[in-house]
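These are my notes from a first look through a structure that is new to me. I wrote each entry as I looked the point up.

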Amino acid sequence: MHALDEFRAETRTWLEQNCPASMRTPMEDEERVWGGRNATYKNPESKLWLDRMAERGYTVPTWPREYGGAGLSGEQAQVLREEMGRLKCRPPLSSFGIWMLAPVLFKYGNDAQKREHLPRIARGEIRWCQGYSEPGAGSDLAALKTRCEDRGDHYLINGQKIWTSYANFADWIFCLVRTDTSVKHGGISFILFDMESPGVETRPITLISGASVFCETFFTDVRVPKENLVGRLNEGWTIAKELLQHERGMIAEIGRTVGGTVPPVDVVAKRYLGDANGRIADPVLRDAVARQVMNDRAFALTIRRAEQESEAGAGSGGASSMFKYYGTEQNKAKFELLLKCAGSAALGWAGDEFSSEELDICRTWLRSKGNSIEGGTSEIQLNVIAKRVLGLPD
Amino acid sequence: MNLLLTEEEAILKRGAHEFFAARLPVKSLRALRDSNAAEGFERAAWQEMAELGWAGVLLPESYGGSAMGYKGLGQVLEESGRTLAASPLFATILAGAPLVLAGASEALKQTLLPAVASGECLLALALDEHPRHAPSRIATRAVRSGASYRLNGSKMLVLDGHVADYIVVVARTSGADTDPQGLTLFLLDGDADGLTRTRTHMVDSRNAAHLVMADVEVGNDRVLGGVDQGHALLEPVLDGARAGLAAEMLGSGMEAFERTVSYLKLREQFGQKIGAFQALKHRAALMYCELELTRSAVIAALCAIDESRADIAALASLAKAKACDMLELVTNEAVQLHGGIGMTDDEEIGFFLKRARVQQQIFGDASFHRDRYAALMAF
């Protein structure tokens, strides 16, 4: 038997024996497992599933074993994804640590930092948040002002971050700070610290969707050990930009999977507008639905092509901006179309007169508006494509 | 499904790029137009293409082909789209030859296909009878009398119809005028008695003809596939042609886009390159995204055909619909972003705009294919 087939058979057996039945059902967003010191599990089997996967290194299958991974090849990891997809296994762990911090920690972190943080990320023990945006530094991120002063044996941090996702639940933060005020990009450093440090305060922000996933985060005289600096002093912008590429890929991906309980747009359209033969009776909306699902398919094919390119070692650098731009715009368009197809049924805010799916469409529609703002706006993504891919002048 | 090119396909593409740039650049289409060339393409260049093996890419080796498949041919087509090269690649290789291969008697295949692969024999498909593509809306009638049929009717937008040695005619042998069933395919001699071929002068300066058939007699041995079974024979070949045309359109879109981006880096106004203006940058970046999505859809459709997958029809419609929308956007933006110079006949960008609208109509535009995709997905 081919080695990969053998691996597939083993993996399939292991998943069948170890993935609890309740972890093979569609997941509501509040059931997503983020891990951390204070993690709560709505369903105890979520914790069991996380621990079994982490023990095998399958929360981060391609990481080396010494950092908590399974040391799988790209091909093996693809087999694992396929087999998990076949059984409809939920992702055991959602983690900014895995998606955003770890890729840059592998590249820029020193040995001690990697040994301290990576295994805890892999096991879901520490939940991370991202300290990037500030009230005066959104699209112009490098204008950030949070001060980090060298006080001999430690750094002292003062300032404010905003749009810090889940800061109120996070254990640690990876943070961009200003270590030199005389230059813009060249005065930024990348630092890690514990959110339990004295002087850290978080305040959740209520969004138009009613949810509060973002916080304002305040730092007042926060003392941070000097060994928590990642990379060199004043060279944080390089790390920051690289991390953004990972974040963009993640948002495009989450953008396509949030509202996991919302059915595909053609299914919703048929339910509200289908004629006796199941055909969408309104020809204008039918054309719009076809356009939407066809663009979704072409986009999915483009992601697959990019994965194949990167496996062959020939990826293009501007790809993450394209995926962020197109994925989020496509997701927003999908929810606008769902609203059109479902009419007033998708405009309920609360109450038993609306199905949970209808309420979900409405709330997720509102939430989707943020997809093209967070992690670099659509306009910024187009700027990046124009500059990096097309070489247009500044 | 391998959405990347194999080494062999990449070599084919590079070779095609060099050939079309050197041998059939846009200015050769201009020369054909300005000289009002009777055939509308260069025979000598087609001979060279055949010698490179491109006429036989889809044909089995037993008929003189190389059986490289649609993904291979797609690379040649994409490069031909970059220079708007006029050639029998579409009508003969993508439309005519696969119908002969799938539906003709062995004797007919032995006679015709090696001559197709060597570039000597030209084919055409006479399908549409109305200005918008409607492959089931066929009023041309074929009535049996003894060992032959008599055909009466007319056809439009028959690509290469005025130069083809043989023409595949889609005619009705039973059923009502819009019934997908009851169609039969006949292989007519290009110079058959009663067949009138009139070249139409289209905006893209390429080859198309109107056909009128008045009691054209054709033998039973010239029926392709079964009587009344034409639809089943035609559909997969149309999908192959749609995917191939989408590859050509991708090439045309890439070229028009790259020329436009180059112009944005060259042209100065208000003391700076106009490509520095964000309003123009964003439009360029949007076109880039649409081109990337189109490329994925095109490759997927070509692969699906080579792998005989079950979703060929959906992927062919996806590829053609994306190519149509992308090319309409890109050619319109190309003219606008070139400014006044883009409106002149001297500048070549206008040739891309003119060709694009004909490419969009051939075998179904974006709305045709969205409707078809919706029907295939049962909504």
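**Entry 1: a crossing between chains.** I looked at helix 8 (residues 283-311) of chain A and helix 11 (residues 366-376) of chain B in this predicted model. Their axes come within 9 Å and cross at roughly 85 degrees. Angles of 65 to 115 degrees count as roughly perpendicular, so helix 8 of chain A and helix 11 of chain B are roughly perpendicular to each other. I then listed the residues that make the contact. From helix 8 of chain A they are Arg286(A), Asp287(A), Ala290(A), Arg291(A) and Met294(A). From helix 11 of chain B they are Ser367(B), Arg370(B), Tyr373(B) and Ala374(B).

**Entry 2: helix 11 of chain B.** I checked which residues of this helix are buried, and found Ala366(B), Phe368(B), His369(B), Arg370(B), Arg372(B), Tyr373(B) and Ala374(B). These buried residues pack against helix 8 of chain A, together with helix 9 (312-338) of chain B. After helix 11 of chain B comes Ala378(B), with a positive phi near 65 degrees.

**Entry 3: a second crossing.** I turned to helix 8 of chain A and helix 9 of chain B, whose axes come within 10 Å and cross at roughly 100 degrees. That makes helix 8 of chain A roughly perpendicular to helix 9 of chain B. Here Met294(A), Arg297(A) and Ala298(A) of helix 8 of chain A meet Leu318(B), Ala321(B) and Lys322(B) of helix 9 of chain B.

**Entry 4: the contact between the chains.** I looked up how many residues take part: 34 residues of chain A are in contact with 31 residues of chain B. On the side of chain A, the elements that give two or more residues are helix 7 (265-273), helix 8, helix 9 (319-342) and helix 11 (378-389) of chain A. Helix 8 of chain A gives the largest share of that side, 15 residues.

**Entry 5: the cores.** I looked for the largest nonpolar core and found one of 169 residues, where Phe186(B), Val298(B) and Ala301(B) have the most contacts inside it. Its largest share, 17 residues, comes from helix 8 (residues 278-306) of chain B. Apart from this core lies another, of 64 residues, among them Val60(A), Leu101(A), Phe193(A) and Phe219(A). I also looked up the contacts of Phe186(B), leaving aside its neighbours within four places in sequence; they include Ala142(B), Tyr149(B), Val169(B) and Val218(B).

**Entry 6: helix 2 of chain A.** I checked the length of helix 2 (residues 44-55) of chain A. At 1.5 Å a residue its twelve residues should span 16 Å, and its end C-alpha atoms are 17 Å apart, which agrees. Its buried residues are Ser46(A), Trp49(A), Leu50(A), Met53(A) and Ala54(A). Seen down the axis of helix 2 of chain A, these fall within an arc of 125 degrees, so they line one face of the helix. Pro44(A) and Glu55(A), on the other side, are exposed. Helix 5 (111-122) of chain A is among what covers the buried residues. Just after helix 2 of chain A, Gly57(A) takes a positive phi of about 85 degrees.

Entry 7: Most residues other than glycine have a negative phi. I noted Asp221(A), not a glycine, with a positive phi of about 50 degrees. Asp221(A) is in strand 7 (residues 214-225) of chain A. Is Asp221(A) buried or exposed? Asp221(A) is exposed, with 11 other C-beta atoms within 10 Å. Leu157(B), also not a glycine, has a positive phi of about 45 degrees and lies in strand 3 (residues 148-159) of chain B. Leu157(B) is buried, with 21 other C-beta atoms within 10 Å.

Conventions. Residues are numbered from 1 along each chain as its sequence is written. Chains are lettered from A and ligands numbered from 1 in the order in which they are written. This is a predicted model: local features need pLDDT of at least 70, side-chain atom pairs count only at pLDDT 80 or more; totals for chains, interfaces and linings use all residues. Helices (H or I, at least four residues) and strands (E, at least two) are DSSP runs, numbered from the N terminus. The expected span of a helix is 1.5 Å times one less than its number of residues. A residue is buried if 20 or more other C-beta atoms lie within 10 Å of its own, exposed if 12 or fewer, and partly exposed in between; C-beta atoms are placed from the backbone. The arc is that of the directions from the helix axis to the C-beta atoms. Two residues are in contact if their C-beta atoms, placed from the backbone, lie within 7 Å. A nonpolar core is a set of buried Ala, Val, Leu, Ile, Met, Phe, Trp, Tyr and Cys residues joined through C-beta atoms within 7 Å. Axes are lines fitted to C-alpha atoms, for helices over the stretch in contact, and angles run from 0 to 180 degrees between N-to-C directions. Angles under 35 degrees count as roughly parallel, over 145 as roughly antiparallel, 65 to 115 as roughly perpendicular and the rest as oblique.
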